[in-house]
Amino acid sequence: ADPITIAQTRVEHFVAITEQVKAMVAKKRAVIVLFQTAELLREYEQSPYLRQVLNRNILSEDKSHEDKDFIIKKAATAGQATFTTAVFGRGTDFMCNDQRLLEAGGVHIIQAFFSLESSEEVQIMG
C-alpha cells in the first residue's frame, strides 16, 4: 500500500489526489476515490482538478438508482476513475469482472480522509 500523505492545504490535497488517480489510470488500473462528505466531493468536482482525469464518474447519493447501479458496475473496469463519498465505501460491492484490470493490479482505493473508526477503514479497503 502507498504511504499516508498529509496535505497542508485543500489545493495540495486535490493535486495529490489527481496525480495519484492519473498515475493509476495510466497503468490501466481502476481507481475509486472516497471523500468524507458530499460537500468535499462537490468541491473537488467543481475544481479544475477533476477535469484532468479521463474516464471519470461521480457516484453520489442524489443520482437515480439506475445511474448508481451503472456507475458501480463500471467502477471496477480498467482505466476508470470513480469519485464518491464514504457512504458508498460501506456496504457497496464494487465487483471486478475485468481480466485486464486484474492483470494490471486491480482496483486502487484512495481514501481522501482519516477514519475515526478502524472498522470504517477496513470496510472501505474491502
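A salt bridge here is a side-chain nitrogen of Lys or Arg within 4 Å of a carboxyl oxygen of Asp or Glu. Hold on to that cut-off. Glu19 and Lys22 form such a bridge, and their closest N and O atoms are 3.6 Å apart. One caution before going on: this is a predicted model.

Let me stay with that pair. Glu19 and Lys22 are 3 residues apart in helix α1, so about one helical turn separates them. In general, an α-helix has 3.6 residues a turn, so residues three or four places apart point the same way. Glu19 is partly exposed, with a relative accessible area of 42%. Lys22 is partly exposed too, at 31% relative accessibility.

How many salt bridges does the whole structure hold? The search finds 4. One of them joins Glu43 and Arg10, at 2.7 Å from N to O. Glu43 is partly exposed at 35%, and Arg10 is partly exposed at 39%. Another bridge joins Arg42 and Glu39, at 3.6 Å. Those two are 3 residues apart in helix α2, about one helical turn.

Now to α1 itself. The helix has 17 residues and reaches 24 Å from its first C-alpha to its last, close to the 24 Å expected. Which of its residues are buried? They are Phe14, Ile17, Thr18, Val21, Met24 and Val25. Seen down the axis of α1, they fall within an arc of 135 degrees, so they line one face of the helix. The elements covering them include β1, α2, β3 and β4. After α1 comes Lys28, whose phi is positive, near 65 degrees.

Next, the core. In general, nonpolar side chains tend to be buried together in soluble globular proteins. The largest nonpolar core here has 19 residues. Ile17, Val21, Val31, Val33, Phe35, Tyr44 and Phe83 touch the most other members. α1, β1, α2 and β3 each supply at least two residues. Which element gives the most? That is α1, with 5 residues. Apart from this core lies another, of 5 residues, including Ile32 and Ala75.

Look at Phe35. Its relative accessibility is 1%, so Phe35 counts as buried. Setting aside residues up to four places away in sequence, Phe35 touches several partners, among them Phe14, Leu40, Tyr44, Phe83 and Phe113.

That brings us to the rings. The count is 5 aromatic pairs. Phe14 and Tyr49 make an edge-to-face pair, 6.4 Å centre to centre, with 65 degrees between the planes. Phe14 is in helix α1, while Tyr49 is in the loop between α2 and β2, 35 residues apart. Are these two buried or exposed? Both Phe14 and Tyr49 are buried. Phe35 and Tyr44 have ring centres 5.3 Å apart and planes at 35 degrees, so that pair is tilted. Tyr44 is buried, at 0% relative accessibility. Phe14, Phe35, Tyr44, Tyr49 and Phe83 form one aromatic cluster.

Last stop, Val53. Where is it? Val53 lies in the loop between α2 and β2. At a relative accessible area of 2%, Val53 is buried. Its contacts beyond four places in sequence are Thr18, Val21, Lys22, Tyr44, Ala81 and Phe83. Val53 and Ala81 are 28 residues apart in sequence, yet 7.5 Å apart in space, C-alpha to C-alpha.

Definitions and conventions: Residues numbered from 1 in each chain as written. Predicted model: local features only at pLDDT ≥ 70, side-chain atom pairs only at ≥ 80, totals over all residues. Heavy atoms only, no water. Core = buried A, V, L, I, M, F, W, Y, C linked by side-chain atoms within 4.5 Å. Buried < 20%, exposed > 50% of the residue type's maximum accessible area, 1.4 Å probe, protein only. Helix = DSSP H or I, 4+ residues; strand = E, 2+ residues; numbered from the N terminus. Contact = heavy atoms within 4.5 Å. Expected span 1.5 Å × (residues − 1). Arc of directions from axis to C-beta. Phe/Tyr/Trp six-rings, centres within 6.5 Å; stacked < 30°, edge-to-face > 60°.
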